[in-house]
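Here is a friendly briefing to read with the structure open beside you.

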Amino acid sequence: MSTAAAGWWQAGLLVFALAVSYRPLGDYLAHIFTTDKHWRAERGIYRLIGVDADVDQKWSTYLRAVLAFSAVSVLFLYGFQRLQEHLLLSLGFPAVKADQAFNTAASFVTNTNWQSYSGESTMGHLVQMAGLAVQNFVSAAVGIVVVIALIRGFIRSRTDRVGNFWVDLTRTCLRLLLPISLVFALVLLAGGVVDNVSAAHPVTTLAGQQQSVTGGPVASQEVIKELGTDGGGFYNANSAHPFENPNPVTNLVEIFLILVIGVALTRTFGRMVGDKRQGYAILAVMAAIWVTSTAAISFFESGHHSAAALAAGGALEGKEVRFGIPGSSLWVASTTLTSTGAVNTAHDSLSPLGGGIAILNMMLGEIAPGGTGSGLYGIVVLAIVTVFVAGLMVGRTPEYLNKKIQPREMKLASLYILTTPALVLIGTGLAIALPGERAAILNPGAHGLSEVLYAFTSTANNNGSAFAGLSVNTVWYNSVTGVVMLLGRFLPIVWVLALAGSLAAQRTVPASAGTLPTHRPLFVGMLLGVIILVVALTYFPAQALGPLAEGLR
Amino acid sequence: MPDVAFIVLTIVVFAVLALAVRGVERLVGQALKSERADLPGGGPGAGDGVAR
């Protein structure tokens, strides 16, 4: 089979699987967050933590619960790593050093999973299972519950209540993430992904050298790593490692897991706001960006004109031959258009423009379909900006989903849009300006700038993938990227939950002849335009000095 | 000593986030007040579908 045919088959199967799961999963998600009935296990958890599950919280109480839960999670995970050598299943590893433990704790609690450490030679099994994997579940759940609170803001009227954080979090974990993870862990095991609690095995290589091969609870973590758009690999090579992702079938299953919740949430959105066409419109924008990105990366990786690429039939440096260009390109687009950051390819070895698109995908705010929950709330904020721009054009008060978009909402949407670029560009500027940190760049010129830009784009957008070629395991990088991850995750959540509170306080306004329909192709096109003009162009100068300069050289 | 530094850093970051919450609370708090006072949408021109 030719490479192009393999690419079409993989993309076709992936789209088919997502289409089949779209309706049942989206409807099930809507059911989870609208039913009044609690499971017995859930009631036990509420009793244990002292929560009245039948009382909704004010948006500000909901927000404080998100922040308090996350702050405690960071401190707990930090302590866990620092005490590793005294814990069971530590495999003899010492305590993780302080700056790296802070960075890793911030990284996993924010759903980023940026890794300045090598998993198999730094973390014992208990820290991986009871520390990092737990955050893979709950950080994904936090993203989902925030978007559900935002949706409630649209559908509720004259109230300050947007739900109960503890109920939403518990339901997301017990009813959604755990059951799917259980089923797909078995699928991955059947596909050859390992899962055990072995220590390192010494083996003799074909060349007669000694090598240490570490086993571990991989399949059980691999599934939530993709499903929760987390991305932190058990192994340093992440999903390029044959124990994490052995063959093209597991590769396709893992890409499906990366995308499935983000895609299905648009159905949930449509169901909950009472107009499924609103969800289809958002999905159309996501699909247009995902298809364009995948096609462009495949094009640049297949058509790269270096001598090595021409001899190999494509830019295969840094790619796994078992996945080829189609399996790698699909992955690169999917992992950077969501907040996953898991990699099956060395992103530093992508062609300059292919790598530039990977960075651009994250700069768009990871909205196609985005991280679990965070992708949907990101694109809904952009939809609010779009109706505002449209309102300015025709002189009408902007409305979205029967709520007026007033100065208060626009202030919050503007803060949302400005927060991430500020973190990316200030962080990159500082790293380039400080001589000591500039020395961490291992490649000269435009590619070196791309590496720093990628690092801050990835951490501020909570993606977590790395371009490599940058020595980030330093006190400065661990501390600064740790803070960037925390602010890049939680400041937007502050603006989004405030937006939910502001919308919930408003009365519902019936649509009139002057209301812009937000389910039609015109709105889909306008939203795409706003995403490109408002978001992508913010970063154009940085892109021009990095990937574009390198690609056009 | 480094442990104290990173725990303090974590607390400072979340304190900044708590300040941001206080800021938006003031902004959004006005929304419900104006709705409950039955004012049309919180400002002149709002409520009739025409921006001024």
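A:Lys404 and A:Glu399 form a salt bridge, with their closest N and O atoms 3.8 Å apart. Keep in mind as you look that this is a predicted model. A:Lys404 has a relative accessibility of 6%, so this residue counts as buried. A:Glu399, at 10%, is buried too.

**Other salt bridges**

- Over all chains, the count comes to 16 salt bridges.
- One of them joins the side chains of A:Arg267 and A:Asp27, at 2.7 Å from N to O.
- This pair ties together distant parts of the chain, as A:Arg267 sits in helix α9 (residues 248–273) of chain A and A:Asp27 in helix α1 (residues 3–34) of chain A, 240 residues apart.
- Are these two partners buried or exposed? A:Arg267 counts as buried because its relative accessibility is 5%, and A:Asp27 is buried with a relative accessible area of 17%.
- A:Asp275 pairs with A:Arg277 in a salt bridge whose closest N and O atoms are 3.0 Å apart.

**Helix packing**

- Helix α4 (residues 98–109) of chain A packs against helix α6 (residues 125–155) of chain A at an angle of about 35 degrees, and their axes are 8 Å apart.
- On the α4(A) side, the contact is made by A:Thr104, A:Phe108 and A:Val109. The α6(A) side brings in A:Leu132, A:Gln135, A:Asn136 and A:Ser139.
- Which classes of residue make up the contact of α4(A) with α6(A)? There are three nonpolar and four polar residues, and no charged ones.

**A nonpolar surface patch**

- A:Leu88, A:Leu89, A:Met129 and A:Val197 make a nonpolar surface patch of about 370 Å².
- To find A:Leu89 in the viewer, look in the loop between α3 (59–82) and α4 of chain A.
- A:Leu89 has a relative accessibility of 36%, so this residue counts as partly exposed.

Notes
Residues are numbered from 1 along each chain as its sequence is written. Chains are lettered from A and ligands numbered from 1 in the order in which they are written. This is a predicted model: local features need pLDDT of at least 70, side-chain atom pairs count only at pLDDT 80 or more; totals for chains, interfaces and linings use all residues. Side-chain values use heavy atoms; hydrogens and water are left out. Axes are lines fitted to C-alpha atoms, for helices over the stretch in contact, and angles run from 0 to 180 degrees between N-to-C directions. Helices (H or I, at least four residues) and strands (E, at least two) are DSSP runs, numbered from the N terminus. Contact means heavy atoms within 4.5 Å. Ala, Val, Leu, Ile, Met, Phe, Trp, Tyr, Cys and Pro count as nonpolar, Asp, Glu, Lys and Arg as charged, and the others, Gly among them, as polar. A salt bridge is a side-chain nitrogen of Lys or Arg within 4 Å of a carboxyl oxygen of Asp or Glu. Buried means under 20% relative accessible area, exposed over 50%, partly exposed in between (1.4 Å probe, protein chains only). Patches are made of residues with over 30% relative accessible area and no salt bridge: like charges are joined within 9 Å, nonpolar side chains (Val, Leu, Ile, Met, Phe, Trp, Tyr) within 5 Å. Accessible areas come from the Shrake-Rupley method with a 1.4 Å probe; for residues, only the protein chains shown count as cover.
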